[in-house]
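Try each task before you read its solution.

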Amino acid sequence: MNTHTTNDSSSVFVPDGELARQRQYEQKVRELIGGRYPEGPPLAYVHSYGCQQNVSDGEKLKGQLAQMGYGFCDSPEGARLVLYNTCAVRENAEDRVFGNVGALKKLKRQHPDLVIGLCGCMTQQEQIAQKIKDSYPYVDLVFGTHALHRLPELLYQTLSGDKRVFSVDNMDGTIAEGLPVQREGSFKANLPVMYGCNNFCTYCIVPYVRGRERSRTPEAVLAEAEDLVAKGYKEITLLGQNVNSYGKTLPDGVDFAELLKRINDIPGDFVIRFMTSHPKDCTRRLIDTIAGCEKVCHHIHLPVQSGSNRILKAMNRHYTREDYLELVSYAREKMPDVVLTSDIIVGFPGEQEEDFLQTLELIKAVRYHGLFTFLYSRRTGTKAAEMDDPVSDEEKGRWFRQMLAVQQDIGIELFRQMEGKTFRVLVEGESRSAPGRVTGRNYGNILVDFPGTGDLIGQFVSVKITGSKPGVLLGERADETCYNPE
Ligand code: SAH
Ligand code: SF4
Ligand code: F3S
């Protein structure tokens, strides 16, 4: 596993020559599969598990495959290439992948030319790569997060040789600019601004599988944002494990607040989201910037993880509950309508009932619009994996359910308070609730369901909220308003 070192910004970028070499491999694969499948382009099934960053990586995997001449399908059946882009954040994420890979065994027997590939965070762990080597002999290609831009070369080796291909070297990590991208959406786009993480929260595997924190240049980020706006994208989500430390590895002093301002200045009708913000690096200047940029949604996903100072310290989070609550009041003072969401871990090793109750109190004090809640999952190689974990699963489960009940009541109340307000909503699709209705999201990323037709998809419309159900606001079309509440 990696030790904690800092990237030298000059060595982080994949050299142009190497990228050009990969483009040549794309051509080689194209010729090879052209000869093998004369009936037409073979199909690839690419599935990304986990966070938005992984989805964004998946778009680059697909972009490269499209250059190689692959088409795409929505299930492994009928595919000549299945590529699972995996997540390692919790055990159940890994179990799901192994389950789905197990199910491919039969398909491979029916179609021996099927190429099965595994990539992403899971494969970057030694013990997992070994398990695939030993127990899943029908998996042909395995590569880690650091080898994403080498897919053309690795796939060429897989297709042209008779050996299984593994590329899971551990390293600090690089940035490959200019890779082909096949985006999942036509009006919402992911835009990674940084990769990796240096925080080493003691429960978390991400720094080990994603390498050291490294930022793209502001020029590269802006050029991509301008291109997205020119192509008609209406929502851009800036991605990073901790966007608030954007720029720390760059020489020119552009921080995340400055980056937001520059993207906000791009002319056009679009909105900006970002995730994730680590509370330890969320400054007042950043909150002022969010409040002051009209295109930046007044929504902060600010994972607190725990409300107990003792546990926060054991988690290596570098803030106290008091720091956190102060940040929340400052955000509310500057943006009374700010929507706050968070991640919480229940059952961290050594967490006692009194710690859990402090988390519960914090949830009640902050009043989040939404929570992502997780039971602690032991990750091999992390510090917390070595800590005593005496509380039973039953007890943790009881706490977990108690927390969900508290949050559900808060959510219902906060949604009720939105009734009567008018929001600008980006329409996403037809509603599953009833025909003749569509759904979209408001500035807080909250689902809004209202009467409308499919031609509204991808457009901003104003909706007056008339009611709510758990997790969704109900409304009707209204006169034009601005995206964030006034
Ligand atoms: N970089 C982001 C989060 C990335 S992982 C941040 O720092 O906020 C997303 C969430 O998964 C985390 O916020 C945490 O709540 C949860 N998580 C991470 N590791 C976990 C583990 N070992 N067990 C349970 N939940 C975990
Ligand atoms: Fe994991 Fe912490 Fe980094 Fe988030 S900040 S990815 S929780 S180590
Ligand atoms: Fe999972 Fe990797 Fe994201 S572990 S949460 S896919 S960074």
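**Exercise 1.** Decide whether Glu-18 is buried or exposed in this predicted model, and find what Glu-18 touches.

*Solution.* 
- Start with the place in the chain: Glu-18 lies in helix H1.
- Next, take the accessibility. Glu-18 has a relative accessibility of 19%, and the cut-off for buried is under 20%, so Glu-18 counts as buried.
- Now look for its contacts. Setting aside residues up to four places away in sequence, Glu-18 touches His-149, Arg-150 and Glu-153.

**Exercise 2.** Describe how helix H1 and helix H6 pack against each other.

*Solution.* 
- Two packed helices are described by the angle between their axes and the distance between the axes.
- Here H1 spans residues 16-36 and H6 spans residues 151-160. Their axes come within 8 Å and cross at roughly 35 degrees.
- On the H1 side they include Glu-18, Tyr-25, Val-29, Leu-32 and Ile-33; on the H6 side, Pro-152, Glu-153, Leu-155 and Tyr-156 are among them.

**Exercise 3.** Work out the strand order of the open sheet that holds S7, S10 and S11, and explain why S7 and S11 each have a side without a neighbour in the sheet.

*Solution.* 
- The sheet has three strands, in the order S7-S10-S11, with parallel pairing.
- S7 (188-192) and S11 (271-275) stand at the edges with a single partner strand each, so one side of each has no neighbour in the sheet.
- From one strand to the next, the twist averages 25 degrees.
- Check the pairs. S7 and S10 are joined by five bridges, and Asn-190 stands opposite Thr-237 in S10.
- S10 (residues 235-239) is joined to S11 by five bridges; here Leu-238 has Phe-274 of S11 as its bridge partner.
- Turn to the cover. Four of the five residues of S7 are buried. Helix H2 (residues 52-67) lies across S7, S10 and S11, running at about 100 degrees to S7.

**Exercise 4.** Locate Thr-202 and find which residues it contacts beyond its neighbours in sequence.

*Solution.* 
- Thr-202 sits in the loop between strand S8 (194-195) and helix H7 (206-210).
- Its relative accessibility is 7%, so Thr-202 counts as buried.
- Compare sequence with space: Thr-202 and Lys-383 are 181 residues apart in the chain, yet their C-alpha atoms are 5.0 Å apart.
- Besides Lys-383, Thr-202 is in contact with Ala-314, Met-315, Asn-316, Phe-348, Thr-382, Ala-384 and Met-387, leaving aside neighbours within four places in sequence.

**Exercise 5.** How many disulfides does the structure hold, and where is the cysteine sulfur nearest to that of Cys-73?

*Solution.* 
- The count of disulfides is zero.
- For Cys-73, the nearest cysteine sulfur belongs to Cys-119 and is 16 Å away. A disulfide needs the sulfur atoms within 2.5 Å, and Cys-73 is in no disulfide.
- Cys-73 is buried, with a relative accessible area of 16%. Cys-204 also counts as buried, at 15%.

**Exercise 6.** What is the mean pLDDT of the protein, and what is the pLDDT over residues 1-9?

*Solution.* 
- The mean pLDDT is 96, and 98% of the residues reach 70 or more.
- Over residues 1-9 the pLDDT is below 50. In the model this stretch has 26 contacts beyond near neighbours in sequence.

Notes
Residues are numbered from 1 along each chain as its sequence is written. Chains are lettered from A and ligands numbered from 1 in the order in which they are written. This is a predicted model: local features need pLDDT of at least 70, side-chain atom pairs count only at pLDDT 80 or more; totals for chains, interfaces and linings use all residues. Side-chain values use heavy atoms; hydrogens and water are left out. Two strands pair if DSSP finds at least two bridges between them. Helices (H or I, at least four residues) and strands (E, at least two) are DSSP runs, numbered from the N terminus. Axes are lines fitted to C-alpha atoms, for helices over the stretch in contact, and angles run from 0 to 180 degrees between N-to-C directions. Contact means heavy atoms within 4.5 Å. pLDDT is the predictor's confidence in each residue, from 0 to 100. Buried means under 20% relative accessible area, exposed over 50%, partly exposed in between (1.4 Å probe, protein chains only).
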